[in-house]
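Subject: Structure handover

Hello,

Here is the structure you asked to look at. Please open it next to this email, and read the notes below with it on screen.

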Amino acid sequence: MSDNIDYKQKAYDQLSQDADKILQLIKVQMDNLTMPQCPLYEEVLDTQMFGLSREVDFAVKIGLVDGDEGKALLTSLEKELSKLHDAFTNI
């Protein structure tokens, strides 16, 4: 039974690490708001977010991550992306 819990923790930890990488991309962009908005950068963020959402969906489907935990992880990143978008629209 402890192996099952260990796998669940490892799966969540990996998703958290992937989410942190995306958060770092967002922070870099926020720190450089004086730069013109870069469509390529937005494309990378969108692609990364899509990939993470697929990872979360898979982990939830196979029972390694609780659906609410996965949703919370994605929601927190979406809030950061929203802040980034708001910051750009207010320049």
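How many helical turns separate R54 and D57 in helix α2? About one, because the two residues are three apart in that helix. Before going on, please note that this is a predicted model.

**The overall layout**

The protein has three helices and zero strands. Read from the N terminus, the order is α-α-α. The chain has 91 residues, and 25% of them count as buried. The exposed surface comes to about 6,300 Å². Carbon and sulfur atoms supply 56% of that surface. Now take the contacts with a sequence separation of 6 or more: 72% of them join residues 24 or more positions apart.

**The core**

In soluble globular proteins, nonpolar side chains tend to be buried together. In this model, the largest nonpolar core has 16 residues. Those with the most contacts inside it are L15, I22, I26, L45, L52, V56 and L77. Which one gives the most? It is α2, with six residues.

Leaving out residues up to four places away in sequence, L15 touches L52, E55, V56, A59, V65 and L73.

**Helix α2**

This helix has 23 residues. At 1.5 Å a residue, α2 should span 33 Å. The buried residues of α2 are Y41, L45, M49, L52, S53, V56 and A59. After the helix comes G63. The phi of G63 is positive, near 80°.

Q48 also sits in α2. Is Q48 buried, partly exposed or exposed? Its relative accessibility is 38%, so Q48 counts as partly exposed. The cut-offs are under 20% for buried and over 50% for exposed. Q48 touches I22 and L25, not counting residues up to four places away in sequence. Q48 and I22 are 26 residues apart in sequence. In space, their C-alpha atoms are 6.7 Å apart.

**The salt bridges**

How many salt bridges does a search of the whole structure find? It finds three. Here they are:

- D6 and K10: their side chains meet at 3.4 Å, N to O. Both residues lie in helix α1, four residues apart, about one turn of the helix. D6 has 35% relative accessibility, so D6 counts as partly exposed.
- R54 and D57: this is the pair from the opening question, and their side chains meet at 2.7 Å, N to O. R54 is partly exposed, with a relative accessible area of 39%. D57 is partly exposed too, at 29% relative accessibility.
- E80 and K83: the closest N and O atoms are 3.1 Å apart. Both residues lie in helix α3, three residues apart, about one turn of the helix. E80 is partly exposed, with a relative accessible area of 23%. K83 is partly exposed as well, at 46% relative accessibility.

Best wishes

Methods: Residues are numbered from 1 along each chain as its sequence is written. This is a predicted model: local features need pLDDT of at least 70, side-chain atom pairs count only at pLDDT 80 or more; totals for chains, interfaces and linings use all residues. Side-chain values use heavy atoms; hydrogens and water are left out. A nonpolar core is a set of buried Ala, Val, Leu, Ile, Met, Phe, Trp, Tyr and Cys residues joined through side-chain atoms within 4.5 Å. Buried means under 20% relative accessible area, exposed over 50%, partly exposed in between (1.4 Å probe, protein chains only). Contact means heavy atoms within 4.5 Å. The expected span of a helix is 1.5 Å times one less than its number of residues. A salt bridge is a side-chain nitrogen of Lys or Arg within 4 Å of a carboxyl oxygen of Asp or Glu. Accessible areas come from the Shrake-Rupley method with a 1.4 Å probe; for residues, only the protein chains shown count as cover.
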